[in-house]
Amino acid sequence: MTEDDVVDDELLTIGAFAAKARLSAKALRLYDRLGLLTPAQVDEASGYRYYRADQAERARLVALLRQLDMPLARIAEIVEAADDGEAARLLAAYWADVEARVAGQRTLAEYLRGRLSGRSSEMYGKFEVETVDVPAQVVITETRHTLADELPAWIGASLGRLEAASRECGGITAPPFVVYHSEVSMESDGPAEACVPVADETAARAWAEAQGRAWETRVRVDPAARFAYTRITKAQVAYPQIIAAFEAVEEWIAAQGLEQAGPCREVYFADWDAAGAEDPVCDIAFPVKVDAKDR
């Protein structure tokens, strides 16, 4: 007898099961090694694998999920899900991540094509730059030196802490933002400063005093200022494609004969978790000097 023969009415050899599942025996052996589809029985003497007929649906599901380039751990979560509804939710979450990554990669490819072909001006022209006057505001802040790969997680965590603290400081009065006091990249660590505008300066200073230096927290009053900015989507926020937006605003400022008046910032005005890859979520902004006659 070989491993490809049928043994009885309940168990199928790997050959018979492969035909039923419309997969190769090689694929089934791989799924077994990966822990995604374990045979119902393995002969201790021969090592032959035997499967139940009702395992065919799981085998086909694993094969289809692998065609989505899904990591093995995510496939295991789906095939082990408690019910079809949970499996569908896990698949939807994975695919949303894929679409966000592809959208970001598309933006990066466009940026790189523009840079490599010498069409930087054309590339920057895709960003619409405007100016806005922002009134003076009290902000509570956290500062950290961080590299680009750690930046997204830190932004989410720090703004979350500051937004929670804002309840003790009269509430949030404007969208939170992140100021870059020096370049943040894979080689340069800033620092970056997470900021949340709040209503009550006295309460904010009391809150900051109570924090000590645990998170490099502080309170300041930002003076009224004019900003040149461009609005970008969630996909465009990812590093390094976000660089194109910063460069576009810098290019516009120079073309207008204006002068930068301080460090650049990212202003997050939308619900990040609820936003899709192509939804506007962030303004890339630079303060610019204003003539006395324009005040």
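## Helices α2 and α3

In this predicted model, helix α2, which covers residues 25–34, and helix α3, which covers residues 56–66, have axes that come within 11 Å and cross at roughly 85°. An angle from 65 to 115 degrees counts as roughly perpendicular, and α2 and α3 are therefore roughly perpendicular to each other. On the α2 side the contact is made by L28, L30, Y31 and L34, while on the α3 side it is made by A59, V62, A63 and R66. Sorted by class, the residues of this contact are 7 nonpolar, no polar and 1 charged.

Helix α3 also holds L61, a residue that is partly exposed, with a relative accessible area of 32%. Between L61 and P280 there are 219 residues of separation in sequence, and their C-alpha atoms are 36 Å apart in space.

## Helices α4 and α5

A second pair of helices is formed by α4, residues 72–79, and α5, residues 84–116, whose axes come within 8 Å and cross at roughly 155°. Angles over 145 degrees count as roughly antiparallel, and α4 and α5 are therefore roughly antiparallel to each other. The residues that meet are R74, E77 and I78 in α4 and A87, L90, L91, A93, Y94 and D97 in α5. Divided by class, the contact of α4 with α5 has 6 nonpolar residues, no polar residues and 3 charged residues.

## The chain as a whole

Taken together, the protein chain has 10 helices and 11 strands. The radius of gyration is 28 Å, well over the 19 Å that the globule rule gives for 295 residues, so the chain is more spread out than a compact globule. Along the principal axes, the C-alpha trace spans about 95 × 50 × 30 Å.

Of the 295 residues in the chain, 40% count as buried, and the chain exposes about 16,200 Å², of which carbon and sulfur atoms supply 51%.

## Two residues of strand β5

Strand β5 runs over residues 137–144, and Q137 has its place there. With a relative accessible area of 13%, Q137 is buried, since buried means under 20% relative accessible area. When its neighbours within four places in sequence are left aside, Q137 is in contact with A174, F177, P197, R220, V221, D222 and R265.

T143 lies in strand β5 too, but T143 is partly exposed, with a relative accessible area of 24%. T143 and R113 are 30 residues apart in sequence, and the distance between them in space, from C-alpha to C-alpha, is 35 Å.

A285 is found in strand β11, which is made of residues 280–288, and with a relative accessible area of 4% A285 is buried. Although A285 and F227 are 58 residues apart in sequence, their C-alpha atoms are 5.9 Å apart in space. F227 is one of the residues that A285 touches when those up to four places away in sequence are not counted, and the others are A228, Y229, C264 and R265.

## Backbone details in the loops

In the loop between α1 (14–21) and α2 lies R22, which has a positive phi of about 60° although R22 is not a glycine. At 64% relative accessibility, R22 counts as exposed. D69, found in the loop between α3 and α4, likewise has a positive phi, near 60°, and is a residue other than glycine. D69 is exposed, with a relative accessible area of 66%.

The remaining feature concerns a peptide bond: the one that joins G190 and P191 is cis, with an omega of about 25°. P191 lies in the loop between β6 (177–180) and β7 (192–198).

Note on methods: Residues numbered from 1 in each chain as written. Predicted model: local features only at pLDDT ≥ 70, side-chain atom pairs only at ≥ 80, totals over all residues. Heavy atoms only, no water. Axes fitted to C-alpha atoms, helices over the stretch in contact; angles between N-to-C directions. Helix = DSSP H or I, 4+ residues; strand = E, 2+ residues; numbered from the N terminus. Parallel < 35°, antiparallel > 145°, perpendicular 65-115°, else oblique. Contact = heavy atoms within 4.5 Å. Nonpolar A, V, L, I, M, F, W, Y, C, P; charged D, E, K, R; others polar. Rg over C-alpha atoms; globule rule 2.2 N^0.38 Å. Buried < 20%, exposed > 50% of the residue type's maximum accessible area, 1.4 Å probe, protein only. Areas by Shrake-Rupley, 256 points an atom, 1.4 Å probe, with all protein chains shown as cover.
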